[in-house]
Amino acid sequence: MTENKGALAILVHGGTDNWSPQRWKGRFEGVCPDRPVRLLPGDSFDPAEVHYAAVWKPQPGELAAFPNLRVIFNLGAGVDALMADRSLPDVPLVRVAVTDLTARMTEYVVLHVLMHHRQELYLRESQRAKRWAPKLQWAAGAISVGVMGLGTLGADAADALKRIGFRVAGWSRSPKTLTGIDCFHGEAQFDTFLRRTDILVCLLPLTPGTRHVLNRTLFEKLNRSSPLGAPVLINAGRGGLQNEADILQSLNDGTLGGASLDVYATEPLPTDSPFWTHPKVVLTPHNAADTDADEISKYVAEQIARFEAGGALENVVDRGRGY
């Protein structure tokens, strides 16, 4: 029987076929068999029966329609789109943080750090030109990787890079301690962190304080005396973190030697964007941590069960900080 269970509403906009609203409804009906699952738009139901909402990029005002809402579950890692909704109900907002997502992000970061470290852009260009001309290859220990953002994703990626042999540092807003990682925090230590960084990995959340943090002023502070010749940017955080005009100018004049970008100010990336064809850019379509949707639905179902049994929710967003 389901009449005593608060309903779960699904509000999903955009995404691939695997992330379609109908597929989400099927997943949640499978993991919440004793609970009504309502799909918006489409299903007819009383908004008062909704206690939980599983969402991805809901329209402003949509969530305000549920007077008995208890928890909002964001189906992706970034909550900036939700935080922009001034009518968002004052209930706990939970971020998805499953081990699958963390592992996939670490795969992406390690792949792209190694790609620049092992001169893959040069080697692939040499292949196209049928040119056998290997360059000196330095050891991982000659390269300092800096990870901006030491939450669950950043900490795991930093640890994996350290085990490969890179010199790894991390920067976060508040103090963190990670074994084998040189940790910096706050504005006072930011420039020191940047000056020692050859490859910058950005996994920060998007907040009013981090918007366009990846700009020319920052790039000019990165280390320029490494074997790479010029520093490299890897952004798998949010598109709003980067000033794209500054990235292009810095690539063109040598302030940056290369970039791996997974996120953009406008997505899908417009076909006229110079990033598509820039020789120093490795471009991916926001799939760095395109996690298993089935794992996410199980995670949400487990959180609801724990919450209804009187337990604490995990990964609740601090609305003051925006993450």
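The entries below go from the overall build to single residues.

**Entry 1: the whole chain.** I reminded myself at the start that this is a predicted model. I counted 9 helices and 12 strands in the protein. Next I looked at the overall extent: the C-alpha atoms fill a box of roughly 70 × 40 × 30 Å along the principal axes.

Entry 2: Which order do the strands of the open sheet take? I read off E8-E7-E6-E9-E10-E11-E12, which makes 7 strands with parallel pairing. Its edges are strand E8 (182-185) and strand E12 (281-283), each of which pairs on one side only. On average, neighbouring strands in this sheet are turned by 15° against each other, direction ignored. Helix H3 (residues 99-117) packs on the sheet, where I saw it touch E6, E9, E10, E11 and E12. The direction of H3 makes about 160° with that of E11.

I then zoomed in on one end of the sheet. Strand E11 (residues 258-261) pairs with E12 in the parallel sense over 3 bridges. There I found Ala259 with Val281 of E12 as its bridge partner.

**Entry 3: the nonpolar cores.** Which residues touch the most other members of the largest nonpolar core? My list reads Trp24, Phe28, Leu75, Val113 and Leu161, out of 50 residues in that core. Helix H3 gives the most to this core, with 6 residues. Apart from it lies another core, of 28 residues, and Met148, Leu194, Leu241 and Ala259 are among them.

Leaving aside neighbours within four places in sequence, Phe28 is in contact with Leu8, Ile10, Val37, Ala54, Leu75, Ser297 and Val300.

**Entry 4: a threonine in H3.** I went back to helix H3 for Thr102, which is found there. Is Thr102 buried or exposed? It is buried, because its relative accessible area of 10% is under the 20% cut-off. Beyond its neighbours within four places in sequence, Thr102 is in contact with Thr152, Leu153 and Asp156.

**Entry 5: the cysteines.** How many disulfides does the structure hold? I found 0. Cys183 is in no disulfide, and the nearest cysteine sulfur, that of Cys202, is 16 Å away. Cys202 is likewise in no disulfide, with the sulfur of Cys183 as its nearest at 16 Å. I checked accessibility for both: Cys183 is partly exposed at 24% relative accessible area, whereas Cys202 counts as buried at 0%.

Entry 6: Val316 counts as partly exposed, because its 41% relative accessibility lies between the cut-offs of 20% and 50%. Leaving aside neighbours within four places in sequence, Val316 is in contact with Pro92, Leu93 and Val94. I also took one distance: the C-alpha atoms of Val316 and Gly240 are separated by 22 Å, and these residues are 76 apart along the chain.

Note on methods
Residues numbered from 1 in each chain as written. Predicted model: local features only at pLDDT ≥ 70, side-chain atom pairs only at ≥ 80, totals over all residues. Heavy atoms only, no water. Pairing = 2+ DSSP bridges. Helix = DSSP H or I, 4+ residues; strand = E, 2+ residues; numbered from the N terminus. Axes fitted to C-alpha atoms, helices over the stretch in contact; angles between N-to-C directions. Contact = heavy atoms within 4.5 Å. Disulfide = S-S within 2.5 Å. Buried < 20%, exposed > 50% of the residue type's maximum accessible area, 1.4 Å probe, protein only. Core = buried A, V, L, I, M, F, W, Y, C linked by side-chain atoms within 4.5 Å.
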